[in-house]
Every structure is written in C-alpha cells, then in structure tokens.
Amino acid sequence: MGPVLRTGPVFVRTIMKGAIPMLNKKSVDDINVKGKKVLVRCDFNVPLKEGKITDENRLVAALPTIKKLIADGGKVILCSHLGKPKGEPKPELSLAPVAVRLSELLGQEVKFAADPEVVGPNAKAAVEAMKDGEVVLLENTRYRAEETKNGEAFSKELASLCEVYVNDAFGTAHRAHCSNVGVTQYVDTAVVGYLMQKEIDFLGNAVNNPVRPFVAILGGAKVADKLNVISNLLEKCDTLIIGGGMAFTFLKAQGKEIGKSLVDDSKLDYCKEMMEKAEKLGKKLLLPVDTTIAASFPSPIDGPIEVSVVPSDAIPADMEGLDIGTETAKLYAEAVKSAKTVVWNGPMGVFENPTLAKGTIAVAKSLAETEATTIIGGGDSAAAVNQLGFGDKMTHISTGGGASLEFLEGKELPGVAAANDK
C-alpha cells in the first residue's frame, strides 16, 4: 500500500499497482455555469399515492446541488426517471407532481415541460425562454424506450438542450442509460453533483482506502446477493462480521445444525472458501455465536412472536433462526468499538418485527456511539437505520440500492465513470 494522507474530506494517495485508483471527478464546485444551460440528472424516483408524494427524501437530498446551480446563475434543466413506464407515457408516472413540490421546496417556480417524448416542443420552448437562475423539469426519461438501452438519438436530444451536464443520481449510477451516460458523449462538460460526490467519497474512496481498523458488517437474507461483496470486502477490511439470514449458510458450512433456518445449499462450498480466504489473509471473520429462534417466520411480519435464544450450534431441528442472539450482539458491538471505518450493508435479522429487531438495533446503536466513519450501504440497512432513529448519527447513508452493492463489490459504475476527471 502506498501512503494515504487524510486531508479534510478529500483523500490523497499515491496510486499503486493492484489498488483501485482514487476516483477524482469534477464536481459542481469546479465549473462556472453563469448564463449556461445546465442539464441535471436527479433521482426523483419517489413513491406516489393518488398523485401525492408519500416520501420526499430524494427531493430534499437533491436541493443542495440545484440551489448551488441557481445561485451561480445557471439555467437549470432537471431530468429524472420515475418508476418503470417501460418506454411509454403513463400519466400515473408523470413527474408533474414533482414539479409542484419542488417549486414549494425551492421557493420559486419549477416549470414543467409536459412532453410525452421528453425532449419535445414544450421542453424546447421552455428552455429557449429561460433566464439565469430559472428551473425547468422535463418529463419522465423512461417514457422513451431508448433511455434504458442508452440509445444514441435520445442521448443527443438531451444533450441538445444544454451546454453543461451534472449527474446527481447515484441510484442509477450502476446502469448505462441515455440520461446518465449517453448524454455525456455529446457535451464538453460533465460533472457530478453533491450527492454523487458524497457517495464517491464514502462508498468509493473510504472503502477502497480506509482509515484502519476497518470493519465491514454484512447481513440480509441471501448469500447469493452478496457473493462479490463478501469476497471484495474480505480483501479490504480487517474484520468481517456476518449476520442476517446469510449467516446460516456459513454456520452450516462449518457443520453446525441450523434447523429450519434459511440456507442456500448451493453456496456451502463458497462459504467454506471465504472462511479459508479470511484465514489465509489473516482477517477476522465473525459469525453468530447464538441465535434468536422461533417455530416459524412471523405472520404478519410485525405480529407478536414467541422466541428464545440458543447457541448457534444448538438450533433445534424444528426451529428457525430469525435474528442474532444477545451474546452475538455484544460481540459485534465490541468489534465495532475499536474501528476507525465501518461499512454496514444488510440487517441482522427480521428487523420489521419489533421482537426480531434487537440484533439490528444493537449494531445500529454501536455504530451511533463510535467515533469511526460509519457508512451505511443503502437498501434495507438504510431503511433500518432510519426507521430505528439512528440515521442522524451515521457519517453517510447511501441513497443507492443496487448501485451501493456494486460499488462495494469494487466495480466501476458507468454513471460515475462518465463524469470528467479533475
């Protein structure tokens, strides 16, 4: 490893063979947009119920980048997808309600260009008439079938509206679509927004060049979903903690009786390989020493359930494990205490049930109390941390699902790669 110097939020280091080079992308702070037309790809994929937005977190998260571009005198053209219209206009998936709510949040009009073809007469006229600091929102980019296929024509149409392109949608960064990758081929300036920058700093750079000790915590139901993440993080971390449903495949691979617990028999050899790999690399791999068990999965998921805690090698044949046990929770919390960097992806048990959320709460609490840089890798763990009230205690909660996982796998994300390097 070459030297790593920590300078504020930016990491500087020498690039060595075999290491992942630092991602150093131009951001909205590196450009001058005064008087220029700026196309911003946001993530406005928000839940709607009868035309009303039920969770506006993603809109609020996009505001700093949008406000910066407005303040700098840019002509701000926003675009996003919403749901899966599969290449045809569906009124229930229109971004019209987003324009209304954004206008309220920004305190200025966001003009909505209602073109079924996205870049149509309304969009062109609205953009043509823009003054510095004004905002236009285009229709759902996935109304166009070419969007998800990264088609050349639609990419060129989007690029024709602007002089500068900003990508602030991390949730789709692992996909190469027209509005986040294709368009960048036809504009001179393509940079990232504040949201993307934060994801690159934490999920990308802090994981690849961590301040040590580095502890990674992986949970969730299936080993299959996290195969490459387990392998990649084992190489980077000092301690890997496994919880959730995927722990039982590891326990069975050790020859333990796991009762009716969730297991993936096709991955037993893989789990053995990972345990051998950890030993070979001198890494700590922690598995549950005890398990919270019940006769069956709770139905409804948040309904009352009778549980008991048993050692992980003494799960009765007619019972299934649904959360880590109390001793395991203590062991995992202890492992986090001395860490300087912690990445967590996936809950420790069926956290939607109050009785089975104890393991996830214990881990969340230990992260909330540590001085370490704490990074929550999107998806269920982000939901768990927020629902349990620990969200504001974490250094970074990723906004991606699949994109977060692919970043943790060490993959290059097309949406990130497409931005100009510094």
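Me: Which residues of helix α4 (residues 152-160) are buried in this predicted model?
Reply: Buried here means under 20% relative accessible area. In helix α4, the residues that qualify are Phe154, Ser155, Leu158 and Ala159.

Me: Why do the buried residues of α4 lie on the same side of the helix?
Reply: The buried residues in question are Phe154, Ser155, Leu158 and Ala159. They share one side of α4 because, around the axis, they cover an arc of only 140 degrees.

Me: Which strands do the buried residues of α4 pack against?
Reply: The buried residues of α4 include Phe154 and Leu158. The strands that this buried set packs against are β3 (37-41) and β8.

Me: Which strands stand at the edges of the open sheet of 6 strands?
Reply: The order in this sheet is β7-β8-β6-β3-β9-β10, with parallel pairing. A strand at the edge has a single partner, so one of its sides is left without a neighbour in the sheet. The edge strands are β7 (110-113) and β10 (189-192).

Me: What is the bridge partner of Val110 in β8?
Reply: Strand β7 is joined to β8 (residues 135-138) by 4 bridges, and the two run parallel. Within β8, the partner of Val110 is Val135.

Me: Which way do the side chains of strand β12 (residues 239-242) point?
Reply: In a regular strand the side chains alternate between the two faces of the sheet. In β12, where all four named residues are buried, Thr239 and Ile241 point one way, and pointing the other way are Leu240 and Ile242.

Me: What is the handedness of the crossover from β11 to β12?
Reply: Strands β11 (residues 214-218) and β12 run parallel, joined by 4 bridges. Between them the chain passes through helix α6 (residues 227-236), and this β-α-β crossover is right-handed.

Note on methods: Residues numbered from 1 in each chain as written. Predicted model: local features only at pLDDT ≥ 70, side-chain atom pairs only at ≥ 80, totals over all residues. Heavy atoms only, no water. Pairing = 2+ DSSP bridges. Buried < 20%, exposed > 50% of the residue type's maximum accessible area, 1.4 Å probe, protein only. Arc of directions from axis to C-beta. Contact = heavy atoms within 4.5 Å. Right-handed = clockwise from strand over helix to strand, strands pointing away.
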